[in-house]
Amino acid sequence: MTSAFSQLLRFGIVGVLANLSLYMVYLALVFMGLAPIWAMTTAFLMGVVVSFVFNAKWTFDASTSADAFRRMLVCYFAAWLGMQSRCMCWLMGLNGPITSFRDR
């Protein structure tokens, strides 16, 4: 098995396991009475940390320095912000350049 394929496989395994654990944490927090939005926010943040540590140590055999974690958080935040702004535009009925080509 090639190194790249092995990393891809490990990356997928970490992703699936992180999402399953995130969902279980979410369900547990909601069951305990936490509002769903706060339960998902907490579970997501836990999932980010778990994914980072397992991918760094097991998938890529890299270090888990504070600087690397900070860079990863910036990337996650940028992706989250982009998704949130696009969803808000969609919910408000604002069709931007991404969806306007469908109307032609």
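## Basis

Residue numbers start from 1 along each chain as its sequence is written. Local features of this predicted model need pLDDT of at least 70 and side-chain atom pairs count only at pLDDT 80 or more, while totals for chains, interfaces and linings use all residues; side-chain values use heavy atoms, leaving out hydrogens and water.

## Aromatic pairs

The whole structure contains four aromatic pairs (ring centres of Phe, Tyr or the six-membered ring of Trp within 6.5 Å; planes under 30 degrees apart are stacked, over 60 edge-to-face, the rest tilted). Phe-11 and Phe-60 form a tilted pair, 6.2 Å centre to centre with 50 degrees between the planes. Phe-11 belongs to helix α1 (residues 3–31) and Phe-60 to the loop between α2 (36–59) and α3 (66–91), 49 residues apart; helices are DSSP runs of H or I, at least four residues, numbered from the N terminus.

Phe-11 is partly exposed at 43% relative accessibility (buried is under 20%, exposed over 50%, partly exposed in between, with a 1.4 Å probe and protein chains only). Phe-60 is also partly exposed, at 40%. The rings of Phe-44 and Tyr-76 are edge-to-face because their planes stand at 70 degrees, with centres 6.1 Å apart. Phe-44 lies in α2 and Tyr-76 in α3, so this pair ties together parts 32 residues apart in sequence.

Methods: Helices (H or I, at least four residues) and strands (E, at least two) are DSSP runs, numbered from the N terminus.
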